[in-house]
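Visitor: I have a structure to look at and would like to go through it with you. Can we bring it up?

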Amino acid sequence: MSRSSGAAPAPSPFRQPKAVWAVAFACVISFMGIGLVDPILPSLSGQLDASHAEVELLFTSYLVVTAIAMLVTGWVSSRIGPKKTLITGLVLIVAFAALAGASSGIWGIVGFRAGWGLGNALFIATSLAVIVGSASGGFAGAIVLYETALGLGIAAGPLVGGLLGTVSWRGPFFGVSVLMLIALVATVVLLEPTPPSPHKAKLSEPITALRHRALATTGGVGLLYNWGFFTMLGYAPFLMGDLDPIALGGVFFGWGLLVAIFAVFGAPWLKERFGTARTLYGALIGIAVLLAAIGLFDTTPAVVIVAVILSGIVVGLNNTLVTTAVMSISPVPRPTASATYGFVRFIGGGLAPFVAGLLAGAFGASLPFLIAAVVALAGAVLLSTIHRDLEAADAEAAQPGPSHERADAEQAAGEVPGLPTESVIAEDALEHDRR
């Protein structure tokens, strides 16, 4: 997913050691988990006699545990090294995905999804650093490969979930477990040991970083945006009529394609032309409009389906540009900023689906979406309080010579914890330098 430039031909990013391919394959499967369960939510509710709010806990347990785990990933990796952290995460995903598939009730699945979330946090926080450290052909090639894995996983997750979900609701869980087991064995065998960092991270660093206004504000924007996004992702499948898992998977496949395209290509293009702040205002207002449309037409499946697919545009923009904002104006080291931002934003994403289920059960499906629309607009208002900071960061990035991000892009991508969209930021910095 690299953007073209006039630079001399570089080595192919797809000529990599086997160890890099093993981790990249695991990245695809891990990113698939974002939308994997969406197509089976109605089936789970019906077959397990679970309320919509109970089914939404599959998101809540997974994301809240992921959020809390983000606070300790740097501490763990700095003591045992990225490879052992990566393998620990993969082992947890394999085990808890299989246990979720073998469960007989909704509460077992919810509990095992929490363990899955812990494994996913450890894996995602270290996978970018491992690929960058092990790849051949330079830093840029490693980033392109990682971005490709990210895009494939986000787009394919709902489709794979839908296909396996037609066999049984257990299919997606067992499918992830088997695929991750393959990735785990390949990673153990092929990846060279990675030593721990000489700098031992402190457990308190991500929390104390919230004392800084810029980081706390951008984290708050991420929380509010994720509240709206995960309200849609978690509850919209119940409003799409009687679609079977394959059809639901197709809907979210279209959504995932737009997320990947606009995260990797659209966000840097719009940022360059309109700036980070203005592009984010448009994206936050856009998702608010789509959420309001679902809330007002919750009984019209066609409107819900179109709104969900189109939301991939604004979700892709937000995923990249809010991370850009965090990294460009945060006064703390980037690994700490990553952990802090990941913690805050996933808290919002984890609580929103469960609250949506409760509100829909008590007051109807319109209310949670209308509330989510207001929350997204509140994110735009909160963002306006750091407008000058964002413009100053954009102005610095536009200065001739090495970009604002270039000075530490390679180092940041090789550190842990990290966020998937940091790869897009780093590639954008390299593209700036090529020009």
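Visitor: Is V185 buried, partly exposed or exposed?

Guide: V185 is partly exposed, with a relative accessible area of 47%. Buried means under 20% relative accessible area, exposed over 50%, and partly exposed in between, with a 1.4 Å probe and protein chains only.

Visitor: What kind of model is this, and how are residues numbered?

Guide: This is a predicted model, in which local features need pLDDT of at least 70, side-chain atom pairs count only at pLDDT 80 or more, and totals for chains, interfaces and linings use all residues. Residues are numbered from 1 along each chain as its sequence is written, and side-chain values use heavy atoms, with hydrogens and water left out.

Visitor: Back to V185. Which helix is it in?

Guide: V185 lies in helix α8. Helices (H or I, at least four residues) and strands (E, at least two) are DSSP runs, numbered from the N terminus.

Visitor: What span should α8 have, and how far apart are its ends?

Guide: The 20 residues of α8, residues 171-190, should span 28 Å at 1.5 Å a residue, and the end C-alpha atoms are 28 Å apart, which agrees. The expected span is 1.5 Å times one less than the number of residues.

Visitor: Which residues of α8 are buried?

Guide: They are G171, P172, F173, G175, V176, S177, M180, A183, L184 and T187.

Visitor: And which residues form a nonpolar patch on the surface?

Guide: L181, V185, V188, V189 and L190 do, with about 420 Å² of accessible area together. Patches take residues with over 30% relative accessible area and no salt bridge; like charges are joined within 9 Å, and nonpolar side chains (Val, Leu, Ile, Met, Phe, Trp, Tyr) within 5 Å. Accessible areas come from the Shrake-Rupley method with a 1.4 Å probe, and for residues only the protein chains shown count as cover.

Visitor: Zooming out, how many helices and strands are there?

Guide: The protein chain has 18 helices and zero strands. Buried residues make up 60% of its 435 residues. Its accessible surface comes to about 15900 Å², of which 69% belongs to carbon and sulfur atoms.

Visitor: How many salt bridges does it hold?

Guide: Two. A salt bridge is a side-chain nitrogen of Lys or Arg within 4 Å of a carboxyl oxygen of Asp or Glu. In one of them, the side chains of R213 and D389 meet at 3.3 Å, N to O. That pair links distant parts of the chain, with R213 in helix α10 and D389 in helix α16 (residues 387-397), 176 residues apart.

Visitor: What about E391, which residue does it bridge to?

Guide: E391 forms a salt bridge with R278, and the closest N and O atoms are 3.0 Å apart. This pair too links distant parts of the chain: E391 is in α16 and R278 is in helix α12 (residues 276-296), 113 residues apart.

Visitor: Are R213, D389 and E391 buried, partly exposed or exposed?

Guide: R213 is partly exposed at 47% relative accessible area. D389 is partly exposed at 29%, and E391 is partly exposed at 32%.

Visitor: New topic. How many aromatic pairs are there?

Guide: The structure holds 11. One of them joins Y225 and F229, which are stacked, 6.0 Å centre to centre with 5° between the planes. Rings of Phe, Tyr and Trp (its six-membered ring) pair if their centres lie within 6.5 Å; planes under 30 degrees apart count as stacked, over 60 as edge-to-face and the rest as tilted.

Visitor: Where do Y225 and F229 lie?

Guide: Both are in helix α10 (residues 213-235), four residues apart, about one turn of the helix. Y225 and F229 are both buried. Ring pairs also link F59, Y225, F229, F230, F252 and W255 into a cluster.

Visitor: What does L258 touch?

Guide: Not counting residues up to four places away in sequence, L258 touches I309, L310, G312 and I313. Contact means heavy atoms within 4.5 Å. L258 is in helix α11 (residues 245-274), and its C-alpha atom is separated by 7.7 Å from that of I309, 51 residues apart along the chain.

Visitor: Last one: is D49 buried or exposed?

Guide: D49 is exposed, with a relative accessible area of 72%. D49 sits in the loop between α2 (41-47) and α3 (52-70), and has a positive phi of about 55° although it is not a glycine.
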